[in-house]
Amino acid sequence: MHVVVCIKQTPDTAAKVEVKDGHVTWGDAGLVINPWDEYGVEEAIRLKEKHNGKATAISMGPDGAKEALKTCLAMGCDQAILISDPALKGSDAAATAATLAAAINKLGDVDLVVFGKQAIDGDTGLTTVAVAAKLGWTPLTYLSKIEVDASAKTIAVERSLEEGKQLCTAKLPAAVSVVKDINEPRYPSFMGIRKAAKAVIPTWTVADLGLDPATVGAAGSAVTWPEIYPLPARESNVEILDGSPEEIAAKLADKLIAEKVI
């Protein structure tokens with residue numbers, strides 16, 4: 001059984017977001033594996049261990065994303081692949097899904113693709129379903145439990161929804177997203193860290209995936225990214241009203257009417 005987990009490198013949740021020259025920046029804040037994706041990595045490793053299979057971590061991003069992929073290797077993934085190309089800059093969820101689907105097809109023997117619920121920077125949660133649509137696979141989202149019958153090529157899951165739990169079954173291959181109730185991500189072992197540090201992570205480009213640059217990145221995205229401005233400085237002042245309770249209430253009402261609050 002071959003399980004692929006797709007991860008994204010995101011800023012630490014404690015990072016301070018700023019706007020500089022029309023672009024969002026997190027300054028010198030460190031980048032980490034998207035917290036939701038940690039549960040996906042753990043589940044991929046558990047499935048490969050249970051079924052004596054293989055787990056591959058994939059990330060689309062700049063060269064620095066190799067550090068996040070090395071964390072996946074240190075946790076227990078067997079291999080990692082970075083998809084990086086200047087042509088991918090500005091990709092929306094649909095363009096990202098097209099790229100990831102091409103990489104999964106290139107691997108060729110994938111039974112299951114696992115995602116975290118969503119990324120903490122974009123927060124769309126669309127990529128899982130979009131990848132499934134590109135591959136023609138079944139999408140299963142918000143999973144809190146996964147059971148795979150490798151011999152029958154079927155999957156039984158528990159979906160964690162606002163209304164309660166939903167039980168579903170489907171044929172493999174499938175693309176799934178998981179929530180934090182599904183497991184507790186492990187810490188990388190010392191030996192895993194040493195092994196990951198020596199690992200050579202291959203980089204696939206748009207050409208390697210056989211994609212037309214016009215169908216990915218900003219060129220292949222339906223979203224037109226708006227111009228970004230910093231938030232205006234918040235100004236405020238405080239005025240203390242004195243007098244009797246009746247006088248204070250009257251003064252307050254007059255000021256709220258003058259400011260068109262009421």
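## Sheet, helices and cysteines

Helix α1 (residues 35-50) lies across β1 (2-7), β6 (54-60), β8, β9 (138-149) and β12, and runs at about 170° to β1. This is a predicted model, where local features need pLDDT of at least 70, side-chain atom pairs count only at pLDDT 80 or more, and totals for chains, interfaces and linings use all residues. Residues are numbered from 1 along each chain as its sequence is written, and side-chain values use heavy atoms, with hydrogens and water left out.

**Helix packing**
- Helix α4 (residues 127-135) also packs on the sheet, where α4 touches β8, β9 and β12, and its direction makes about 75° with that of β9.
- Contact here means heavy atoms within 4.5 Å; axes are lines fitted to C-alpha atoms, for helices over the stretch in contact, with angles from 0 to 180 degrees between N-to-C directions.
- Helices (H or I, at least four residues) and strands (E, at least two) are DSSP runs, numbered from the N terminus.

**The sheet**
- Nine strands form an open sheet with mixed pairing, in the order β11-β10-β9-β12-β8-β1-β6-β7-β13; two strands pair if DSSP finds at least two bridges between them.
- At the edges are β11 (164-171) and β13 (203-204), each pairing on one side only.
- Strands β8 (residues 112-116) and β12 (residues 174-178) run parallel, joined by five bridges.
- G116 has V178 in β12 as its bridge partner.

**Cysteines**
- The whole structure holds zero disulfides, a disulfide being a pair of cysteine sulfur atoms within 2.5 Å.
- For C6, the nearest cysteine sulfur is that of C72, 10 Å away.
- For C72, the nearest is that of C77, at 5.1 Å.
- C72 is buried at 0% relative accessible area (buried means under 20%, exposed over 50%, partly exposed in between, with a 1.4 Å probe and protein chains only).
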